[in-house]
Amino acid sequence: GLLRAFRLYLEVHQLEADWEGVVRASNETLVNALCMMAPYNGLEKQALLEAVDLRARAEVLIAITEMAVARAGHEAGSVVLQ
């Protein structure tokens, strides 16, 4: 789920990633790196910090990312369907 959300976020914002590096990274490294690099506001970052474990942090990150993608799609006048 996280990779799907990340890929969609990059696509909507016309960004690219080093997918070889993403695939090689451990789950912990990937989740924590994406949390640190994510361009989200303080409340969203706080929610990521307060997650009780890696799985919860990944779930929060997915939710925040999906909301960001939906906002970007709405702002562009399109609907993002999953």
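What percentage of the 82 residues of the protein chain count as buried? The share is 33%, where buried means under 20% relative accessible area with a 1.4 Å probe, protein chains only.

**View 1. The protein chain of this predicted model is shown as a whole.** Local features need pLDDT of at least 70, side-chain atom pairs count only at pLDDT 80 or more, and totals for chains, interfaces and linings use all residues. Residues are numbered from 1 along each chain as its sequence is written, and side-chain values use heavy atoms, without hydrogens and water. The chain holds 5 helices and 0 strands, the helices being DSSP runs of H or I with at least four residues and the strands runs of E with at least two, numbered from the N terminus.

**View 2. The largest pocket has a volume of about 240 Å³.** A pocket is an open set of points on a 1 Å grid where a 1.4 Å probe fits, with protein on both sides within 12 Å along at least five of seven lines, and its lining residues have an atom within 4 Å of a point; the volume is the space filled by probe spheres set on the points. Of the 13 lining residues, L2, L3, N27, L30 and V31 lie nearest the centre of this pocket, and α1 (2-12), α2 (19-24), α3 (27-37) and α5 (54-75) each give two or more residues to the lining.

**View 3. The second largest pocket holds about 180 Å³ of space.** Its lining has 13 residues, with F6, Y9, L34, A38 and P39 nearest the centre, and α1 gives the most, with 5 residues.

Key
Buried means under 20% relative accessible area, exposed over 50%, partly exposed in between (1.4 Å probe, protein chains only).
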